[in-house]
Amino acid sequence: MTYMPRIDRRRFVVGAAAAGGGLALGLDIPFGGPNVIRAADGSPEVNAWVVIRPDDTIVIRIARSEMGQGTLTGLAQLVAEELECDWAKVVTEYPTPGQNVARNRVWGSQFTAGSRGVRESNEYVRKAGATARAMLIQAAADQWKVPATECSATKSVITHKPSGRTTSYGKVAEAAAKIEPPKDVALKDPKDWTIAGKPLKRLDTLPKLTGAHVYGLDVKLPGMLCAAIKDSPVFGGKLASFDAGKIQGMKGVKHVVKVGESAVAVVADTWWQANSALDALPITWDEGPNAKVSSASIAEFLKSGLDAEQAFVGNESGNAKQAIANAAKKVEAVYSYPYQHHATMEPMNTTVLYTADRCEAWVPTQVAEAALASVSEASGLPIAKCDVHKLPLGGGFGRRTAHDFVQQAVTIAKQIPGTPVKLVWSREEDMTHGRYHPVTQAKMVGAFDANNNLTALHMRISGQSILSFVNPQNLQNGKDPFVFQGLNPGGAEGAFGYTIPNLLIDHAMRNPHIPPHFWRGVNNNHNAIYLECFMDELAHAAGQDPLEFRRKLMGNHPKHLAVLNAVAEQIGWGKPAPQGVYRGLAQHMGYGSYVAAAAEVSVTGNKVKIHRIVGATNPGHAVNPAQIDRQVAGSFVYGLSALFLGECTVKDGRIEQTNFHDYNVMRIAEMPKVESIIMPSGDFWGGVGEPTIFVAAPAVLNAIFAATGKRLRTFPLKNEGISFA
Amino acid sequence: MARLTVNGQSHNVDVDPNTPLLWVLREQIGLTGTKYGCGIAQCGACTVHMDGVAMRSCSVPVSAAEGKQITTIEGLAAGGTLHKVQKAWLEHDVPQCGYCQSGMIMAVAALLKEKPKPTDADIDANISNICRCGTYQQVRAAIHAAASA
């Protein structure tokens, strides 16, 4: 089976190459006026987001990447809602980043991380739908020579109310495409939504059930070769030498190539041949200055930050240090959080066709424009001579916002011009060359007055800054503001939910050589554990119920409190739990949304059974409750896998874990019953792909404490001998 | 040269006899619905049926598959009609990214053949495929639905 690249079908025939679009070529003559931009099948764009075929198929363009989180369906719902089209006839397609650049970024950002897909683009995609609807109605009205105000549209059918005449979108799309778009269109009140806001099924399910869905790993181009790669096992190391002669005669092997300064790849007829030959290739590495680093040395390095003088302040009010010095009672605890690997089910891969004047890549990417920049940089060709074709992602979780593997693939393909090359990482290469959840430690100190009122909190985070590695130019005088996710004094990205008279949250930056990256939930994961478990510690130190203790501090934070109250009520907080079952809860805010969880666990020996977790989220607007429900449950699986099992350790400068046998994750047997409460307040737009992950771990940890009286402050729990029951 | 029967069709493939069945399916026969996830029989993304039994094809040398009836995800729907597991998956909108679901569906289809009405404990004991998106709650519901279909 040959995978035929869909580029030709997707490439716009007219205008795509002309910045700003609208440059008429002869091709549009059979179809209409000079300003119409067409899909390759000749169907007109009503605007950049909406193409309508004569058979009434509605093609909705999706700029963001689908990696399982449901963004593709959600964004299509928002466009379709305003377009008033027949949902049953909606299909989607991705514009390429090259097309986006050529058309002055008409589709806006293609960035798909930070739970931003819907919350950042909802307004302009809805306007695109509404604008297209207005143009379609106008086109019908013009044909009928009636005022557009007498016409309305529903399910892709336009009706002239006084006469009862009807036509369909497919019939008037051609004319609509030539109409000057209205400048300001009113958006529907979400109360009137019939497509958005509904628990519709995903648009992309069927091919995932039959093996027909083509992921990056499945791309096949005519004449394609396959590559397997080994990069320096120590980050920062270099390739010293390899002996290609030893594998030259192996079946299928075509090339052995150096890839940058630190990697070597074998290119063969099939990937299995390439990888088998690579395993047999003698390689020597110059491991460089990081070869002595270990988990223990990293932990010592981070520990030095817990009491360091220099630290960046993220949130401060009053004088926490003084209040702690004057406290009637002081509570102190040190927590730590390990490296995690994304472990997407689909290993990193990219297919590249390089020729002297063009370079195209087929990439499962979360950020198509960044992938394009990587292709351009690695190929040495200008952006205009490169493009990236996005494939469905077999998991992303933040890993596919980095494009190290794209750079590698282009570097290989450039050495074999004219031949398409598919680079696939083995799972072992993937596991040991990740971009890891950062490591941190935290020293938490709380102070009480003589009446057990919390007077001060000092949260000192020591550890790794993602921004220092990923985007150092965005540091603010050395400070990484991302470190304080969920701990900020305010703001949509993650506001602290408690009012404490004397508060200090600061960060001593300690950057080991292991590359950190965005990992579903990012810094919120450890921040929420540190804060919410310590709040539980403080409540117990004060002899108060953990819910009541929090409530007293949350009066100024009604949205944080509302989700907490919701989970408390549903779990039955304050009412007797079943025999042997104990409860814990947590709340946090991030990526624009307010979330809380309450867990019920029982503990037998070192075995923890999670019976139930209730998760509540207020994402402002719920575009597809059924998909949000799945994100809640899925985020809990991801977060609890990390809590119980997930850890990448470092020895001799390299990651020790190589595959799922030593980087284990939750299976169905460990899956708790998840109940989600989706409670959009309607006054903002928040994300849903990540936020609930923050609260799963602290809710379970607090429940384990309730069951055992033992605080667990280092992770994963397997290191404490604790496992899923 | 190995002779394989996949989804009812015969194929002669010229590969090293130790080549894993997974890669022969994907690279020689061109059936890419069966996925590579780990290569060491940990994740189950490569699950296929050999004589009706679920096998992790990344760890089956092609030589051991000769003479067996191999069914992949592409061959599960008989005569263009979705298998009851696929139907239940569609009804419950199970997949998120979908990458693991070929293997998950094949594992569940084999389980239902052996245990037509699996209990939750049967599911826990028999389905160990990894899904990083965390679709397990929908998977369980859809298994029960398929069992009563």
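The following dialogue examines how terms are applied to a predicted two-chain model.

Biologist: What conventions apply to this model?

Modeller: The model is predicted, and local features need pLDDT of at least 70, side-chain atom pairs count only at pLDDT 80 or more, and totals for chains, interfaces and linings use all residues. Residues are numbered from 1 along each chain as its sequence is written, while chains are lettered from A and ligands numbered from 1 in the order in which they are written.

Biologist: How do you know how many helices and strands chain B has?

Modeller: Helices (H or I, at least four residues) and strands (E, at least two) are DSSP runs, numbered from the N terminus. On that basis chain B has six helices and five strands, in the sequence pattern β-β-α-β-β-α-β-α-α-α-α.

Biologist: What radius of gyration does chain B have, and what would a compact globule have?

Modeller: The radius is taken over C-alpha atoms, and the globule rule is 2.2 Å times the number of residues to the power 0.38. For 149 residues a compact globule would have a radius near 15 Å; chain B has 15 Å and therefore agrees with the rule. Its C-alpha trace spans about 45 × 30 × 25 Å along the principal axes.

Biologist: Which peptide bond is cis?

Modeller: Most peptide bonds are trans. The bond joining A:Phe715 and A:Pro716 is cis, with omega about 0°. A:Pro716 is in the loop between α18 (693–708) and β28 (723–724) of chain A.

Biologist: Why are β10 and β17 of chain A called edge strands?

Modeller: Two strands pair if DSSP finds at least two bridges between them. The open sheet has seven strands in the order β10-β11-β8-β18-β15-β16-β17 (chain A), with mixed pairing. β10 (253–259) and β17 (386–390) of chain A each pair on one side only, and this makes them the edges.

Biologist: Which strands does helix α10 of chain A touch?

Modeller: Contact requires C-beta atoms, placed from the backbone, within 7 Å. Helix α10 (residues 368–379) of chain A packs on the sheet and touches β15 (349–355), β16 (358–363) and β17 of chain A; its direction makes about 140° with that of β17(A). Such angles run from 0 to 180 degrees between N-to-C directions, with axes fitted to C-alpha atoms, for helices over the stretch in contact.

Biologist: How many residues of each chain take part in the contact, and which element of chain A gives the largest share?

Modeller: Chain A gives 46 residues and chain B gives 47. On the side of chain A, α17(A) supplies the largest share, seven residues. That side divides into 23 nonpolar, 14 polar and nine charged residues, where Ala, Val, Leu, Ile, Met, Phe, Trp, Tyr, Cys and Pro count as nonpolar, Asp, Glu, Lys and Arg as charged, and the others, Gly among them, as polar.

Biologist: What domains does chain B have, and how far apart are their centres?

Modeller: Bounds come from an automatic or database domain assignment, which gives domain 1 (2–75) and domain 2 (84–147) of chain B. Their C-alpha centres are separated by 20 Å. The contact takes 15 residues from domain 1 of chain B and twelve from domain 2 of chain B.

Note on methods: Contact = placed C-beta atoms within 7 Å.
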